[in-house]
Amino acid sequence: LPAFVRVERILHLGLDWRVTTRVETIAGGDSPVLLELPLWPGEAVTSPEIRVKDGKVSVNLPAGQTALEWQSLLEKRDRLTLTAADHAQWHEIWRADVSPIWHLQTKGIDVVHHRDPQGAWLPEWRPWPGESVELAVTRPRAVAGATLTIDKSELRLKPGQRNQVAELRLNLRSSKGGQHKIGLPHGAALQSVAIDGV
């Protein structure tokens, strides 16, 4: 049988956009594999041992080697169209590992799997030759609202004959740094303050 390979591409959308590509032989592993795999739009290979010519990766698997993997950087853009090459020598699998800082909407062929075996969200497509998926990637805007959350507040009072001792414990979460003012009752004298035990 002629050599036939599987091309798996994982799109990592985080602070940087990266692509991990793995080429693995399925049939004909006893003979060498030579193919030219087109890059995605805006993709630049960063692995030093991989040769790129005219926007295509030259894949050379000698006899006995069953897999080859490389890393790429991907240019950030609002829309990205992924199209499977119309070639009979390989089939493709695409996965999108999207960070929570991005919002992904897809149009085109349907997702085959939505989650990985561990349950994390990892949409997967298995396109036929010539099929495509359009990815619309946006960054969610901040929602207007409070920047301070009080998770817990506890006030302990110890009354005495001449004075009263009060101890206030607060657990705060804030999305903005800065100072948060806490008012004291009239006539109170502050004796100590500790923030995170300091």
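Start with Glu92 and its neighbours: leaving aside residues up to four places away in sequence, Glu92 touches Val7, Arg9, Ala84, Ala85, Trp125, Arg126 and Pro127. Keep in mind that this is a predicted model. Glu92 sits in strand S9, and its relative accessibility is 3%, so it counts as buried. What does the side chain of Glu92 reach at 3.3 Å? That would be the backbone nitrogen of Ala85. The Glu92 side chain also makes a polar contact, at 2.8 Å, with the side chain of Trp94.

Searching the whole structure turns up 2 aromatic pairs. Let's take Trp17 and Trp102 to begin with: their rings are edge-to-face, 5.5 Å centre to centre, with 80° between the planes. This pair links distant parts of the chain, with Trp17 in strand S2 (residues 17–27) and Trp102 in the loop between strand S9 (90–98) and strand S10 (103–108), 85 residues apart. Are these two tryptophans buried or exposed? Trp17 has a relative accessible area of 2%, so it is buried. Trp102 comes in at 14% relative accessibility and also counts as buried, because the cut-off is under 20%.

The other pair brings us back to Trp94. Its ring centre is 6.2 Å from that of Trp40, and the planes are at 80°, so this pair is edge-to-face. Again distant parts of the chain are linked: Trp40 is in the loop between strand S3 (33–38) and strand S4 (43–45), while Trp94 is in strand S9, 54 residues apart. Both Trp40 and Trp94 are buried.

Strand S9 belongs to an open sheet of 7 strands with mixed pairing, and the order reads S4-S7-S2-S1-S9-S12-S11. Which strands are at the edges? They are S4 and strand S11 (113–115), each of which pairs on one side only. Going from one strand to the next, the twist averages 25°. Within the sheet, strand S1 (residues 4–13) runs parallel to S9, and 9 bridges join them. If you want a landmark there, find His12, which stands opposite Asp97 in S9.

Not counting residues up to four places away in sequence, Thr25 touches Phe4, Val5, Val33, Leu61, Gln65 and Thr66.

Most residues other than glycine have a negative phi. Asp54, though not a glycine, has a positive phi of about 55°. You'll find Asp54 in the loop between strand S5 (51–53) and strand S6 (56–61), and with 72% relative accessibility it counts as exposed. Asp196 is another non-glycine with a positive phi, about 55°. Where does Asp196 lie? Look in the segment after strand S15 (164–174). Its relative accessibility is 79%, so Asp196 counts as exposed.

Definitions and conventions
Residues are numbered from 1 along each chain as its sequence is written. This is a predicted model: local features need pLDDT of at least 70, side-chain atom pairs count only at pLDDT 80 or more; totals for chains, interfaces and linings use all residues. Side-chain values use heavy atoms; hydrogens and water are left out. Rings of Phe, Tyr and Trp (its six-membered ring) pair if their centres lie within 6.5 Å; planes under 30 degrees apart count as stacked, over 60 as edge-to-face and the rest as tilted. Helices (H or I, at least four residues) and strands (E, at least two) are DSSP runs, numbered from the N terminus. Buried means under 20% relative accessible area, exposed over 50%, partly exposed in between (1.4 Å probe, protein chains only). A polar contact is a pair of N or O atoms within 3.5 Å; within protein, one must be able to donate a hydrogen and the other to accept it, and residues adjacent in sequence count only if both atoms are side-chain atoms. Contact means heavy atoms within 4.5 Å. Two strands pair if DSSP finds at least two bridges between them. Axes are lines fitted to C-alpha atoms, for helices over the stretch in contact, and angles run from 0 to 180 degrees between N-to-C directions.
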